[in-house]
Amino acid sequence: MGSIVLNIIKVIGHRLPTVHLVAASICIVIVGVTLMLVPSEKVSATRGENLSSLQQQTVALDLDLDLEAENESGLVTDAEQALLEQPAVSDAADEEPETAEAKAPPAEPVANWVDYKVTSGDNLSTLFKRAGLSARDVHVVSQATRDSDALKRLYPGETLSFLIEGGELKKLKHLISPLKQVLIEQQGDTYRTKTVEREAKIQHQFAQGTIENSLFLDGARAGLPNNTIMELAAIFGWDIDFALDMRKGDSFRVIYEEKLLDGEKIGTGNIVAAEFVNQGHAFQALRYTDSKGNTNYYTPEGNSMRKAFLRTPVDFARISSPFNPNRKHPVLNRIRAHKGVDYAAGTGTPIKAAGDGKIIFRGVKGGYGNVIILQHGQNITTLYAHMSRFKKGLSVGSRVKQGQLIGYVGKSGMVTGPHLHYEFRVNGVHKNPVTVKLPHADPLPKAERQAFASVAQTLLAQLESYSGTQLARAE
Ligand SMILES: [Zn+2]
């Protein structure tokens, strides 16, 4: 299991598809949020003394929502009541006094909220039916909530709370996230919706650690949440190949955001500042939002952490033949410089533009087979050979973005098997694509430098002082 995770990190460190990482992080966040929303815990916890954070927060939300019905009982009590009213429990005899109490409510009628847990395959109709409501109710409520987020997507594990009186749906609550709840309330023939959104409080957390096993394991040991570890790998992945470059004894320090609701942690936010020391070389990354609202990670000097070029233009590939000026050619069987790197990959594997640029050649080029050459700025060109086919719609003169699909791995030209032959030229001179120093992407504009410098100074000082505090505490 550990090694699988490690391999994921390795692959991520290796290929740097920022978009995938973001997607992965989002998935983790979704899983996290989903776990937080599992209501079975909520219901069962009501039997115990302690309220989970979710309950406390639900109670708080109720207060917000039901201002005009202050004496109405909250979800927790109602869930308890629902439990008591569950029929045919084996030890029903023991519970008889309580059951009797539940069946004989006090003179003043108490509204009974009943929770229904969303399970796989449920939709609004199945849930309404379970609650004893009709297809017409589904229709009326759907119409009324058309313009809100409520009831649009129901995920297994979520709970819908119904308040039904005399067979009529009075109120319905949908907890969309810990920060967002919608109350649907009967008003005449229709229903009106009220959305209550809350804002999480952000506070900074600090973690530091030393690499003993892997970024994932040692990050987790230092207390970093999984998505923060992924983000850390993405930020430094442009400089450090976490599969090949990382060594035992490397270290990291991270300041990241933690989201709190009513004093309880409900999730994590962005990395604010981080440092990774790789083989004695320290890389630092600082989050900064410029005056136009664009957020990026920068070195303390104000260079983007991102590079203008992907190190490897194909995913899931291995180097089958390195850059080598004195290579014996496998087909020609004589010494002939290998002026690029070969990445073995299956025919049809997508090839991405290493950087923003313009197509200056697209066609067949002798032993290279199908080739695309990109011009990047004034002095850098990249070449992609042996393609099985080109991406449709591209031609000489087309502009491409970094990471954009330009063609597919193949074995056109003089080759022994499918691979991408990739060349990187600076001022016409072939460089080793694996080791060439890659220029930074989008440096901060001059106008932003001063504002950035003061933010950077603060963040670096925080990194120092936090780690000082931790060391002092450890001693
Ligand atoms: Zn080659």
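Trainee: In the hairpin of β8 and β9, which residue takes a positive phi?
Mentor: Q279 takes a positive phi near 50 degrees, and that hairpin has two residues between the strands. Keep in mind that this is a predicted model, where local features need pLDDT of at least 70, side-chain atom pairs count only at pLDDT 80 or more, and totals for chains, interfaces and linings use all residues. Residues are numbered from 1 along each chain as its sequence is written, and side-chain values use heavy atoms, with hydrogens and water left out.

Trainee: What counts as a strand, and what counts as pairing?
Mentor: Strands (E, at least two residues) and helices (H or I, at least four) are DSSP runs, numbered from the N terminus. Two strands pair if DSSP finds at least two bridges between them.

Trainee: How many bridges join β8 to β9?
Mentor: Six bridges join β8 (residues 264–278) to β9 (residues 281–289), and the two run antiparallel. A274 stands opposite A285 in β9, and N278 stands opposite H281.

Trainee: And what about β9 and β10?
Mentor: They pair in the antiparallel sense over four bridges. T289 has T295 in β10 as its bridge partner. These strands also form a hairpin, with five residues between them, and G293 in the turn has a positive phi of about 90 degrees.

Trainee: In what order do the strands of the open sheet come?
Mentor: The order is β6-β7-β8-β9-β10, five strands with antiparallel pairing. The edge strands are β6 (201–210) and β10 (295–298), each pairing on one side only. From one strand to the next the twist averages 25 degrees.

Trainee: Which helix lies across β7, β8, β9 and β10?
Mentor: Helix α10 (residues 226–236) does, running at about 30 degrees to β8. Axes are lines fitted to C-alpha atoms, for helices over the stretch in contact (heavy atoms within 4.5 Å). Angles run from 0 to 180 degrees between N-to-C directions.

Trainee: Switching topic: why is β18 largely enclosed?
Mentor: Because four of the five residues of β18 (residues 405–409) are buried, the strand is largely enclosed by the rest of the structure. Buried means under 20% relative accessible area, exposed over 50%, partly exposed in between (1.4 Å probe, protein chains only).

Trainee: What does β18 pair with?
Mentor: Three bridges join β13 (residues 350–352) to β18, antiparallel, with P350 opposite Y408. Three bridges also join β16 (residues 380–390) to β18, again antiparallel, and there F390 stands opposite G407.
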